Every structure is written in C-alpha cells, then in structure tokens.
Amino acid sequence: MARAIILMMDSLGIGGAPDAENFGDAGADTFGHIVDKFPGLRVPNLVRLGLVKAAAAAGGMRRTLDDTGARVDMPARYGHCLEISQAKDTTTGHWELAGVSVQEPWGYFKPDYPSFPPELVERICREANIPGILGNKAASGTVIIQELGEEHIRSGKPICYTSADSCFQIAAHETYFGLERLYEVCEKAFDAVKPYRIGRVIARPFEGEKAGEFARTKNRHDYSVKPPRLTLLDVAKAAGKKVIAIGKISDIYAGCGVTDKILASGLEELWNKTLEAMKTTPDESLIFTNFVDFDMLYGHRRDTEGYARALEYFDSRLPEFAALMKEDDVAFITADHGNDPTARGTDHTREQVPVLMFGAKVVPGDAGMRKTFADVGQTAAKILGLKLAEGISLEKDGR
C-alpha cells in the first residue's frame, strides 16, 4: 500500500552531462560549483541519502561533505541520470522523468529586441484587445517588471518577454490590469504561438506601486502544451490513484493526470503544503512537488550564496518529511536540469541530475548511471503497481 513521493529540486544539476558542449555548457556543475564556493555547506540529510556520492559518480563532485547531524536515517539508493531529450528546459525534464522523452525540438524566440515576430505581436494585440506590448526581448522577470512596471500601469500595455526556455511570458499588474484579464490575454497568446512550437505561455502577475517595489505574486499560471503521450500522472489517475500536484507541477503537465492541484510558492510554503499532503493523502497515491526557487530565484539570477542557503533550508525540512513517511512509502529527490549559478548568462545548463530514493523498505546501494530521467518515473510507477512505456526501474531485489 505504498505511496510514491517525488521532490523535484528544480535545477539541481550535478555536472557531467556527456553532451554538455553541444548545448554550450561544457564544465557546468550546479552542485559542485556551489560546494566549491561554500565548502562549509551544511546539508547532512542530503549527504546521508547519497547526494555527494551521486555527484561524485557523475563526475562533478571534487569535495566531500560530512553528514554530521543528519536526522534522516533510512535505507537509500542513489544514482545519477542522463537526459535523452534534446533540450534542457523545465517542461522537457519533467516530461522525461514521467516517462515521455522529447526528441522533436521546441521553438525558441531570439533573445535580442525585438524577440517576437511582428505578425505574432499584431495578432495577440488584436485578438486580446490590448493597445500594444512592452518589453519584446529576453529578460529576467523580476528585473523587467521594475524596468517597465510604471509604464505598464500608465499605458495598459502588458510586459511581454522570453528567456532561453521555449516560452512567451506576460507580466501585468494584478490590480491595474487585472488578474483575469491577464489570464485572458495569455489564453489568446497561447493559441497564437502554436505555429512556433512554443512550449509555454506564462502569466506573471505582480503588485506594487512603483519601480523598486514591484513584486510577483503567487498567482502565476502556465499555459503548457499537453504531453504527446501518457505520463506517469496520466497512468496513475487512470488507475484510480490520487495524483497530488504541488506548486507548478499541474501547469507543467497542462493539468493532465492531476486529481488535486495545490497552489504554493516559496520553499517554506511548498514544504508546508507537501507535509500537509503527506498527512492526508491515502495509500497508493502519487505526491509530486516542484521546489522552483532553486531555479527561479537563484540559478537564473546567478546567486550562488542564495542557492547555497536554499539548499540548507531544504535539507533542514527533510526530517519532518521523513517522519511522515509510512512504512511502505518511497520518496525520490531529483531534478529536471541544471542551472549553474557560476555560469555565464542566465540560461539552464545541460547536466546530469541526482536521484535519491529512500524509504523503510528500500534496498540501499548505488543505482549507478541511469540512461534516462524516465527511470525515476518507471520506479515510481512500479511502486504504485503501474508501468510506463519508457524507463527501467531503479529497484533492486524488489526495492
């Protein structure tokens, strides 16, 4: 009567992707470079579960960290996963983990102004009945709202920007522009970008009265392309299982396979909602949480110290989580791509990711190098009595 729980540490790469150079990411190593800069990093529970061993096996870890003070003491298997999909974005990483690799490349907008084709802008403005757009370039979302927020309020023009991901992002003020109106504009934009093979249109609502004070709210909503095949979530839901999607998980899978969507933002709230779900979710369920701050607040902003402190906070909540695991439960800690905060630019980095699998009945040991992220999803599926089209279970001798 096991439950499977996936804790996605968004962007915690561990270096060593053999094709990193093809993506311009030779030498990228998110976790290893953080440890290099902060060798006193205190993540004893993650160390106990095998994170450092997984990173060393992936070729990205040159230092050791001790597990003194670790309070999570249960059997664990550790491994490192290659990505077979030909991309390094959030959607691709999550889909492959859930058993759907992506081989046909996404479309991308160019980073320099103007990023968007004029005919696309004209269509969105006409169909959404807006007077024009601001931005029209690749940008950090938190930076561009400070840059253009006041003009947005005066003009009524939403702020449109892109990134290294396959996305079209629209920021607007919750009060002056209106949250529902922002969602309506995003729906029009989502339909308009389909010919460009764009993975997501992202609504980025914010609040505040002037530059320097604008702040994004938790009412982000992603309009995502649906996975082309059945994912772990779909298979679980079809089998009558509860699928609890916490944070941006539901948006990443376009709502497919989700039975319960739980909104949350920030590491603290995401952990709190996860622990609440652990207390109430029945046996044979899937709980899936994305901890986006590692990527959004620290990786993209190249904030190495912030990333390190976030890792320590995440580690500090693991004992509470472990205490709520039932005897048959199995949990996974993994990532969807890298985002090395010491790298140039603000893009994701092509890396291997860790997989730490733990629970009272897990057979401990080294799961080795996994040839696809889908091995994680296949293992979770097997625990729930299901099977996916892609991936090989990490389990040994049953578990």
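Strand β6, residues 200-207, is largely enclosed by the rest of the structure, because 7 of its 8 residues are buried. This is a predicted model. Helix α13, residues 374-383, is also largely enclosed, since 9 of its 10 residues are buried. An open sheet of 8 strands with mixed pairing is present too.

**Strand β6 and its partners**

- β6 pairs with strand β5 (residues 167-173) in the parallel sense, over 7 bridges.
- Within that pairing, cysteine 167 stands opposite arginine 200 of β6.
- The chain leaves β5, runs through helix α7 (residues 174-192) and reaches β6; this β-α-β crossover is right-handed.
- With strand β8 (residues 221-224), β6 pairs in the antiparallel sense over 4 bridges.
- Alanine 203 has histidine 221 as its bridge partner in β8.
- Strand β7 (residues 215-216) also pairs with β6 in the antiparallel sense, over 2 bridges.
- Glutamate 207 has alanine 215 as its bridge partner in β7.

**Histidine 173**

- Histidine 173 belongs to strand β5.
- Its relative accessible area is 2%, so histidine 173 counts as buried.
- Setting aside neighbours within four places in sequence, histidine 173 contacts His152, Ile153, Gly178, Phe206, Glu207, Gly208 and Phe214.
- One of these contacts, Glu207, is the residue whose bridge partner in β7 is alanine 215.

**Helices α5 and α7**

- Helix α5 (residues 118-128) packs against α7 at an angle of about 140°, and the axes are 9 Å apart.
- The two helices are therefore oblique to each other.
- The crossing of α5 past α7 is right-handed.
- On the α5 side, the contact is made by Leu120, Arg123, Ile124, Glu127 and Ala128.
- On the α7 side, Val185, Lys188, Ala189, Asp191 and Ala192 take part.

**The open sheet**

- The strand order is β10-β9-β11-β1-β12-β13-β2-β14.
- β10 (260-262) and β14 (365-370) are the edge strands, each pairing on one side only.
- From one strand to the next, the twist averages 15°.
- Helix α3 (residues 51-58) packs on this sheet and touches β2 and β13 (353-358).
- The direction of α3 makes about 30° with that of β2.
- β2 (residues 76-81) pairs with β14 in the parallel sense over 5 bridges.
- Cysteine 81 has arginine 370 as its bridge partner in β14.

**Helix α12 and its neighbours**

- Helix α10 (residues 267-280) and α12 have axes that come within 11 Å and cross at roughly 15°.
- α10 and α12 are therefore roughly parallel to each other.
- α10 passes α12 in a right-handed crossing.
- From α10, the contact residues are Leu267, Glu268, Trp271, Asn272, Thr274, Leu275 and Met278.
- From α12, they are Ala310, Tyr313, Phe314, Arg317, Leu318, Glu320 and Phe321.
- Helix α1 (residues 30-37) packs on α12 at an angle of about 100°, with the axes 10 Å apart.
- α1 and α12 are therefore roughly perpendicular to each other.
- Thr30, Phe31, Ile34 and Lys37 of α1 meet Thr304, Tyr307, Ala308 and Leu311 of α12.

**Arginine 317**

- Arginine 317 sits in helix α12 (residues 304-323).
- It counts as buried, because its relative accessibility is 9%.
- Neighbours within four places in sequence aside, arginine 317 contacts Glu268, Trp271, Asn272 and Leu275.
- Arginine 317 and leucine 275 lie 42 residues apart in sequence, and their C-alpha atoms are 9.5 Å apart in space.

**Helix α13**

- The buried residues of α13 are Ala374, Asp375, Val376, Gly377, Gln378, Thr379, Ala380, Ala381 and Ile383.

Technical notes. Residues are numbered from 1 along each chain as its sequence is written. This is a predicted model: local features need pLDDT of at least 70, side-chain atom pairs count only at pLDDT 80 or more; totals for chains, interfaces and linings use all residues. Side-chain values use heavy atoms; hydrogens and water are left out. Buried means under 20% relative accessible area, exposed over 50%, partly exposed in between (1.4 Å probe, protein chains only). Two strands pair if DSSP finds at least two bridges between them. A crossover is right-handed if, with the strands pointing away from the viewer, the path from the first strand over the helix to the second runs clockwise. Axes are lines fitted to C-alpha atoms, for helices over the stretch in contact, and angles run from 0 to 180 degrees between N-to-C directions. Angles under 35 degrees count as roughly parallel, over 145 as roughly antiparallel, 65 to 115 as roughly perpendicular and the rest as oblique. A crossing is left-handed if the near helix is turned anticlockwise from the far one by less than a right angle, and right-handed if clockwise. Contact means heavy atoms within 4.5 Å.
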